[in-house]
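Below is a short report on how two parts of one chain meet. The structure comes first, then the interface.

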Number of protein chains: 2
Amino acid sequence: MFENKDESRTSLGELGEFGLINHLTQTFKIKQSSTVTAIGDDAAVIDPDGKQLVVTTDLLVEGVHFDLSFMPLKHLGYKAVMVNLSDVYAMNAEATQITVSIAVSNRFPLEALEELYAGIELACSIYNVDLIGGDTTSSTTGLLISVTALGQAEPATLVKRDGAKDGDLLVVSGDLGASYMGLQVLEREKQVYKVNPNAQPDLEPYAYLVERQLKPEARKDVVELLKKIEVQPTAMIDISDGLSSEIIHLCKSSKTGVRLYEEKIPLDPQLIQVCEEFELDSTTVALSGGEDYELLFTIKQEDYEKIKGNPHLTVIGHITPENDGLNLITRANTSIPIVARGWNALKDEE
Amino acid sequence: MFENKDESRTSLGELGEFGLINHLTQTFKIKQSSTVTAIGDDAAVIDPDGKQLVVTTDLLVEGVHFDLSFMPLKHLGYKAVMVNLSDVYAMNAEATQITVSIAVSNRFPLEALEELYAGIELACSIYNVDLIGGDTTSSTTGLLISVTALGQAEPATLVKRDGAKDGDLLVVSGDLGASYMGLQVLEREKQVYKVNPNAQPDLEPYAYLVERQLKPEARKDVVELLKKIEVQPTAMIDISDGLSSEIIHLCKSSKTGVRLYEEKIPLDPQLIQVCEEFELDSTTVALSGGEDYELLFTIKQEDYEKIKGNPHLTVIGHITPENDGLNLITRANTSIPIVARGWNALKDEE
């Protein structure tokens, strides 16, 4: 193994697997009444008390999904939880429990994993979710995080992808593309640093974009808002791979077409400015950027009055019959087909 | 990327992530009435109908938990499911659903993943479990499999680790140590093959041991048997890390001591023979070997008559007060403390 030259670093081997899990999770508190037994037995026990349970899982791999040269471990832990909670909220459900498994090479000292778990704990605390289990093992290279999230919903309020109907309005929360541009900024700074390690990056003009990339928030608030204003979406999906790709999923599942209006796509002013700086088209970035973790959903036309003027929600189009296809109506009022160019995790590297 | 010289190999990039999941899981059938929605939305939906839910997860890493030079991918898929179901059965629960996430490098063609999923599907089919979700992503090196299993139980029949009481009998299913010795045999053959690639290994004399290593079975049958003969264990754990380690977990959780009788530990005749060949002590192998996936549990003395003579179950000791400590009574009738020397996933490599 690597020699441990820094005396302040604790090697993982000193603790052993069980010691490590106990050490990393000892400060986590149980928040959900449905959590009967959490970490410490062969399996956790959940009693959802008459509700339906939703289950989702995501895997984050070093060098594929994150770059530790600019991703602080605490942020990574937080983001790994957000990615999963976002899928639970996209079912219009309440996130209640998570399991977290990590594979880690011996180059990481205990203090690094403590940082990672501090981010996981912060996410659990803010989103009112219990950590109920996991697995900790060694990897031959790098860090890998596998999170499974559980949630609960009343069967009547659960929303799937397949319920959109002709005439429904297409709505998105927040704004799009910022996370992708935050990544572009961070990767540019990494290149600058490689050439001149003494350069001090000024990330202030990019603060919003960088935050969206490093510390995204899942839209629990939107699920709560929809409940409060009594809007039941007809279909919903979270935006992890870019707006185009998610619209295609939703319409394919619902067997519908769509008209998406370019001028309606919500963009943050900082995004528009930085797209100009990078000479990128902001619409393309919003359509294909990914990692926004906003919610994309459809509502009945009669619910329009309830969401009108809400700063978190934007109507960006409407559902059409399947035969009409999936179309983007540009600012020049031409119609072009929507194609998926989202980031593809398994695309061969050229 | 690696050049694809073999025309019969399909590269993963051709399918894309969504195409890949659909392709690999299209033949899986839903078997559980509690599975409302499986793969294809942001999350799966489960309706456990008044029962408690158990959740467990395990991560298998190439080069740490398995060696593809002798582990066929179909067996690996099967084993990855078994490892998790075993934890569900150890709660005296019925396994009902799994999620499977894999990280895989481009060196694996589609056909390799099809083999892996054939093993997963076989396990789901035999154990009556639904695959309800997962994530498929690329890795920079090797193969990694993360499985989460869900199960259901009536609250009254669920068994945890902490219920053992002074005087309870300690029982184990099946026999111990075979999986570890199977691994020793396979690793020896691998070394022989390295020296002489034309050598034809004769694994016939080691068939049982090798099968226990490559294709272990989780003890669903034992959970069903206990229900049938109306035995409610007071505490239960599955043997993944070796008997010593699991006894220590069970007794620590239950705040008890134990007397374990060496002569009672169930060993297969093939194990005894091969331990002699390898000059290893068979008791040590059974105590520390790991990967047996048998169930270790405690029962009230009054239940002894119900299990007596059952070929699947062996009484190996009894629970004592905590102060008496954890003791192995050897064949020579001396008492020695039980210590955990199970395989430690995070131990520094020397």
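Chain A splits into domain 1 (12-153) and domain 2 (169-337), with bounds from an automatic or database domain assignment. This is a predicted model: local features need pLDDT of at least 70, side-chain atom pairs count only at pLDDT 80 or more, and totals for chains, interfaces and linings use all residues. Residues are numbered from 1 along each chain as its sequence is written, and side-chain values use heavy atoms, without hydrogens and water.

The C-alpha centres of the two domains of chain A are 26 Å apart. The table gives the contact counts (heavy atoms within 4.5 Å).

| Side | Residues in contact |
|---|---|
| Domain 1 of chain A | 21 residues |
| Domain 2 of chain A | 21 residues |

Together the domains of chain A bury about 1,900 Å², 60% of it on carbon and sulfur atoms. Buried area is the accessible area (1.4 Å probe) that two parts lose on being put together, summed over both. On the domain 1 side, A:Phe70, A:Lys79 and A:Asn92 lose the most area, together 32% of what that side buries.

Two salt bridges are counted between the domains of chain A. The rule is a side-chain nitrogen of Lys or Arg within 4 Å of a carboxyl oxygen of Asp or Glu. A:Lys190 forms a salt bridge with A:Asp67, with the closest N and O atoms 2.6 Å apart.

Helices here are DSSP runs (H or I, at least four residues), numbered from the N terminus. Helix H2 (73-89) and helix H3 (110-127) of chain A each supply at least two residues of the domain 1 side that touches domain 2. H2(A) gives the largest share, nine residues.

Note on methods:
Chains are lettered from A and ligands numbered from 1 in the order in which they are written.
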